[in-house]
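This report describes how the parts of a multi-chain model are arranged and where they meet. Please keep the sequence and the 3D view open while reading.

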Amino acid sequence: MSARLLVDGRLARSGSSIDVSVDLDLSNPIGVSGPTGAGKTTLLRMIAGLEPDFGGRVEVTLDGQQEIWSEPSRGNLVPVHRRHVGFVFQDSRLFPGRTVQANLDYAIQRARAVGPVQDVDSMIRALKIESLLNQPAELLSGGERQRVAIARTLLSKPKLLLMDEPMAANDNAHRDALIAYLSDWLEKHKIPMIYVSHSFAELRRIVPQCLVMARGRVVAQGGAAEVSILSNETAVEDAGGFFHAATVLSADTVKGVLTVQVSLEETDSLKRMAAGDRVGFRVGEPASDFGALLQPEPNENERESD
Amino acid sequence: MTTSDLQAIWLTALLAGTTTVLLVPLATPLAWWLVRSTSSARPVVEAAVALPLVLPPTVLGFYLLVILNPTAPVGAFWVSITGQSLTFSFSGLVLASILYSLPFMVQPLATAFRSVPQEMLEAASTLGASPRDELISVVLPAARRGFLTGSVLTFAHTVGEFGVVLMMGGNIPGETRVLSIAIYEHVETLNYESAHAMALGLLVFSFVSLWAVYCLTSQRVEVVRG
Amino acid sequence: MLMTQRKSILWSRWLQTLLATLLVLVAANTNAAEARIAVASNFRDTALAIAEQLEAKSPHRYQIIAGSTGKLASQIVNGAPFDILMAADQRRPYELASLGLATPDSVMTYAMGELGLWWPKGPDVLKVEKLAELPPGQVCIANPAFAPYGDAAMAVLSAKSMDMDWLDGLIRVDNVNLVTAWVAAGQAQVGFVARSAMIAAQRKGETQVSSDELVWLEDHPPIAQAMVVMTRAANNPAAAFWVRQLSMESIQILLERDGYRIPQVIQ
């Protein structure tokens, strides 16, 4: 079953702007990473139709059917509720003043218009929220809230799943269970997903493919193992550098020489480089996490913080 | 208190009740539109809705008299379908009160709607809720206090209506002789005792209504803090 | 649970009351023998007494709506559902007839009003001329723009060729009843009052008047109070009964008791 997503256009904001042009194969889930303020969340919002000022193109092919969700000069053609995207927000966004059960029912009632909703009980058990059902949403902890939000979104029978840091507030044990359940669910329902996380470790466990965003642009795209990024991106960004994903060509552990290929052609900083220049880089743990600062490195200490 | 005074009190309650009950469904979409619309017509509509706050009621009453009297097109049309005049009738007073009390319903509703977080609406829309569904399933339940405040204010304001009734309702017992008009008539005919009794009742009622509104609004602040 | 139950009981009681009232209203509306009588403010109490008498001897029901003659007439022009107008002048009934709102041959003078000068703490001999010695803002009249008693008072003052500036200083109130109220309250020193209003005020015990404070003016233009039946009431038996009964002796006694003179010939 083929699924594609094309996003092409610009969203100007005061102080920053998002400028993307991607054509994604959604047969497998896709991850989006990048530093804070890179535009990851905004990209998801543009796809969902939550950015009314976005004047670019969004085109999807789901279940073999092509739909144009938005188009330049014609704006948003398909309203949010008709796109049938499931959006797990970073801040959960449960309805306050209602119980967990009522929050789930909200999704279930609307999903019934599309088709029967199944596996409600097994999902509630798997996401460990069965003991919370009668509690008011505002009394839940951050992790509990995220699990309820995930359940609510999955129960809404989405045709495309957009998840924005859905597990950030959960501890490792819950996260493992969540990832396992989500992977099974995606496998079973064959629903395409775009998954935003700043953690490559998390992304690699869920998605085979990744985009890396920085400053409102997609700066790298490829397999999760090849596209890597430093973990203290902001510090290096603040130093005036710019992140680029790179592919390791060879690693000579004896001589201590690493040969990498920076995969972007159009970057200005590359043009300013000459043989013999020192550049800063960091190899993450495991070694496939990699980022390069394509400018003389200002401070060695920066690399220590993690 | 005479039977005609009791009749005036009942009529006032009926007028205020009818106005409030009719204003809820009329003001809800209007307030929602005012909160959501980006149209350039919005400030115009907003100003028009707020007009009764600053306009002397006699001005509103005068124009209603001009528009609704049986020789004017609108008034004549009403007479042709109901056989009764809109001026100097209960139906006319209901219409006038709806216009006169419109801001007292619309503004608390708009405030309540505005305080519903955009985040909740976005969440609802991604769960498949149409804008209409959002209004019914998210906004209205969250705006309960706005409805209560708007209803109390509308009711109380309609009870206190005088200038408009004087202009286009007159003083017909059981039809348009509301409390304020009855008080005015008692003063005019030197029945100070009856005037006192009714005026004091109205004073106490208005105070209790406003007190209730302030209790409601201060409770809302606590909810937000919590 | 208890709260909701109690609430629903209250609610259903309220509904019952509403329904009962609606039924009563409907029943009242189907009773054809009902008439709305619009009366000049000064005639209000008298009209109520007449209504009481007529209701006692007939199945008809009467609603009395009081206001200044001008106001009532303009309300009728704008659609007010009155059946009879008991004006304080003759002009308005004829005007309404000429507009087609009233039956022309139903115009009839039913009472003559009497105008007096009420001047508590006034000079020994009360005379209109002495008013000129008062500073402006002390003399109260009904507004001549729409109150016939005010019109008559103005005519009296003009006949004494009072100074224009002095005339500008007159306190004009909405109707002739209020003149009595203003003088009683000390808001004005002197007032051009209606005999009917003075009698009504004394009957209510709100105003004490000694005879040396009050003089009835002989030379004011006649204040002929006329009535007219609206075209909408042409077939209303209650309205017809009201008109017929006005010339009966028991009603005429009432009129005289309340300070009106009976016109010589009922037209």
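Predicted model: local features only at pLDDT ≥ 70, side-chain atom pairs only at ≥ 80, totals over all residues.

## Two domains in chain C

In the domain assignment, domain 1 of chain C covers 11-112 + 224-257, while domain 2 of chain C covers 113-216.

Where the two domains meet, 14 residues of domain 1 of chain C are in contact with 13 residues of domain 2 of chain C. On the domain 1 side, helix H2 (44-56), helix H3 (69-77) and strand S4 (108-113) of chain C each give two or more residues, and H3(C) has the largest share, with three residues. Sorted by class, this side of domain 1 of chain C has seven polar, four nonpolar and three charged residues.

## A five-stranded sheet in chain C

Chain C holds an open sheet of five strands, in the order S7-S6-S8-S5-S9, with mixed pairing. Strand S7 (171-173) and strand S9 (214-216) of chain C are the edge strands; each has a single partner strand, so one side of each is left without a neighbour in the sheet. From one strand to the next, the twist averages 25°.

At one end of that order, strand S6 (residues 139-142) of chain C runs parallel to S7(C) and is joined to S7(C) by three bridges; Ala142(C) has Val173(C) in S7(C) as its bridge partner. Helix H5 (residues 148-159) of chain C packs on the sheet, where it touches strand S5 (115-118), S6, S7 and strand S8 (190-194) of chain C, and its direction makes about 130° with that of S6(C). H7(C) also packs on the sheet and touches S5, S6, S7 and S8 of chain C, with a direction that makes about 140° with that of S8(C).

## Asp168(C)

Asp168(C) is found in helix H6 (residues 164-168) of chain C. Is this residue, Asp168(C), buried or exposed? Asp168(C) counts as exposed because it has 8 C-beta neighbours inside 10 Å, and a residue is called exposed if that number is 12 or fewer. The C-alpha atom of Asp168(C) is separated by 8.8 Å from that of Gly137(C), although the two residues are 31 residues apart along the chain.

Between chain C and chain B, 19 residues of chain C are in contact with 15 residues of chain B. Strand S2 (61-67) and helix H7 (176-184) of chain C each supply at least two residues of the chain C side, to which S2(C) gives the most, with four residues. That side of chain C divides into eight polar, seven nonpolar and four charged residues.

Between chain A and chain B, 17 residues of chain A are in contact with 12 residues of chain B. Helix H2 (80-83), strand S7 (85-88) and helix H3 (100-111) of chain A each supply at least two residues of the chain A side, and H3(A) gives the most, with four residues. By class, the side of chain A that touches chain B has 10 nonpolar, four polar and three charged residues.

## Strand S7 of chain A

In a regular strand, side chains alternate between the two faces of the sheet. From S7(A), Val85(A) and Phe87(A) point one way and Gly86(A) and Val88(A) the other way, and all are buried. S7(A) runs parallel to strand S8 (residues 160-164) of chain A, to which four bridges join S7(A), and Val88(A) stands opposite Met163(A) in S8(A).

Conventions. Residues numbered from 1 in each chain as written. Chains lettered and ligands numbered in written order. Contact = placed C-beta atoms within 7 Å. Nonpolar A, V, L, I, M, F, W, Y, C, P; charged D, E, K, R; others polar. Domains from an automatic or database assignment. Buried ≥ 20, exposed ≤ 12 C-beta atoms within 10 Å, placed from the backbone. Pairing = 2+ DSSP bridges. Axes fitted to C-alpha atoms, helices over the stretch in contact; angles between N-to-C directions.
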